[in-house]
Amino acid sequence: MSRVDIRTASVQGECKLMCPENEIRLREREGLLHPFEILQATAENPRRPKADRSKMVKEYSRPAAGRTEPKPNQLRPSNVLIQTAHYLINSILTKTDVHWSHVYDFVFDRLRAVRQDMVIQQIGGLDAITLLEICVRFHLLAGYKLCKESISVFDPKINATHTQECLKRLLTLYSFEDRPCAHRTEFESLYLLYNLGNTEAMMHTLSLPHDIRCSRCVQHSFKFTQLYLEKNYVRLFRQTKVMSGLELCAAHRHLLHVQSQAIQTMCVAYSSKSLKYPLGKLTVLLGFNCDAEVCSGYEKWGLNIKGGMVCFQKDKLKPQDKDEVMQFKFIESKLKEQSLQDLITGQHHKIVDGKNMGEESR
């Protein structure tokens with residue numbers, strides 16, 4: 001990761017609202033208000049809805065050639081950016097009257113605008129760290145919750161690009177800080193899990209200061225990575241029992257591939273027409289949600305299941321569909337252990353006596 005000078009700011013924001021006044025007037029005049037930003041008393045008038053200034057949040061504006069630099073009154077200082085991020089998490093992300101994909105689209109765009117203001121002002125330090133931690137948690141959670149949606153609703157590649165961008169910038173910011181960062185071990189762990197088996201991610205982890213590298217959550221994630229590289233898939237799924245919901249969201253995009261690799265290994269090791277393996281045992285060992293899900297998956301892989309027993313035959317094995325996704329009950333149960341607000345704002349990772357409670361519980 002390159003070390004860029006991000007400590008000095010060339011311009012300081014002066015906007016004290018979540019959305020600059022000139023943008024509010026423009027979007028109200030042009031009918032560009034989002035349903036989440038409309039004044040409820042005018043919502044029934046689709047032609048002339050009014051803006052609720054307490055709910056207006058600055059849109060992301062794509063940089064374009066010839067566009068002038070934003071003025072200070074169009075940029076929000078760090079305290080307003082943090083206030084905006086908390087508003088999005090506490091008031092928008094928790095909405096239950098609309099599909100979560102609509103919530104994602106709005107929060108994604110507005111958090112992107114938050115990051116844009118942060119970059120233009122070259123905001124660094126703990127304020128930037130707080131903002132990026134929120135962004136990373138949001139993108140990891142969204143990547144899991146919306147993984148089964150169609151590409152027209154949710155693009156996993158775009159979400160993954162922003163997740164990596166936020167993670168790498170966050171880890172760079174950590175490296176500049178002389179003061180302890182409360183959640184650093186959590187995000188070092190998430191980076192390793194999100195890039196499971198990646199050499200660069202492992203080398204980064206090995207180069208961390210001793211106290212960070214030897215923290216419990218980083219050690220658990222490093223162990224998870226070792227099991228993946230050793231192809232010890234059964235122990236890998238057992239390791240998920242000591243991982244947090246967010247850590248499982250980070251590792252989620254690799255789990256179906258792990259299942260596929262485990263099945264391929266078993267097909268070679270146990271390939272025999274007379275050898276049968278208990279279906280229920282396989283369901284537990286490889287983290288499937290139920291026996292029926294195993295049957296469905298095995299039919300895609302070209303395996304034979306009869307009478308609750310699996311017959312492995314390597315000559316009939318079919319490759320895994322790379323675009324296939326699946327949600328897991330054990331991840332769902334972990335995510336239900338805390339509210340969305342606590343998960344995204346980091347309240348699940350409280351610090352007591354300088355130690356991480358999440359780590360101590362593991």
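## Buried and exposed

A residue counts as buried when its relative accessible area is under 20%, as exposed when it is over 50%, and as partly exposed in between (1.4 Å probe, protein chains only). The model you're looking at is predicted, so local features need pLDDT of at least 70 and side-chain atom pairs count only at pLDDT 80 or more, while totals for chains, interfaces and linings use all residues. Residues are numbered from 1 along each chain as its sequence is written, and side-chain values use heavy atoms, with hydrogens and water left out.

## The overall layout

The protein chain has 16 helices and five strands. Helices (H or I, at least four residues) and strands (E, at least two) are DSSP runs, numbered from the N terminus. A contact means heavy atoms within 4.5 Å. Take the contacts between residues at least 6 apart in sequence: 73% of them join residues at least 24 apart.

What about the outside? The chain exposes about 18,400 Å², and carbon and sulfur atoms supply 51% of that. Such areas come from the Shrake-Rupley method with a 1.4 Å probe; for residues, only the protein chains shown count as cover.

## The nonpolar cores

A nonpolar core is a set of buried Ala, Val, Leu, Ile, Met, Phe, Trp, Tyr and Cys residues joined through side-chain atoms within 4.5 Å. The largest one here has 88 residues, and Trp100, Val107 and Phe138 touch the most other members. Leaving aside residues up to four places away in sequence, Val107 touches Leu88, Ile92, Leu93 and Phe138. Apart from this core lies another, of six residues, including Cys19, Ile24, Ala51 and Met56.

## Salt bridges across the chain

There are 14 salt bridges in the structure. To count as one, a side-chain nitrogen of Lys or Arg has to be within 4 Å of a carboxyl oxygen of Asp or Glu. Arg27 pairs up with Glu59 this way, with the closest N and O atoms 3.7 Å apart. The two sit 32 residues apart, Arg27 in helix α1 and Glu59 in the loop between α1 and α2, so the pair links distant parts of the chain. Arg27 is buried, at 1% relative accessibility, whereas Glu59 is partly exposed, at 29%.

Arg76 and Asp117 form another salt bridge, with 2.9 Å between the closest N and O atoms. Arg76 is in the loop between α1 and α2 and Asp117 is in helix α3 (residues 100-120), so this pair ties together parts 41 residues apart in sequence. Both partners are buried. Then there's Arg137 with Glu186, whose closest N and O atoms are 3.2 Å apart. Because Arg137 lies in helix α4 (residues 125-145) and Glu186 in helix α6 (residues 184-194), the pair ties together parts 49 residues apart in sequence. Arg137 and Glu186 are buried too. Salt bridges that share partners also join Glu23, Arg27, Glu37, Glu59, Asp109 and Arg110 into one network.

## Two residues to look up

Find Gln40 in the loop between α1 (21-29) and α2 (78-92). Gln40 is exposed, with a relative accessible area of 57%. Gln40 and Lys50 are ten residues apart in sequence and 8.4 Å apart in space, C-alpha to C-alpha.

Now go to His254, in helix α11 (residues 245-269). His254 is buried, because its relative accessible area is 15%. Not counting residues up to four places away in sequence, His254 touches Leu193, Tyr194, Asn195 and Leu196.
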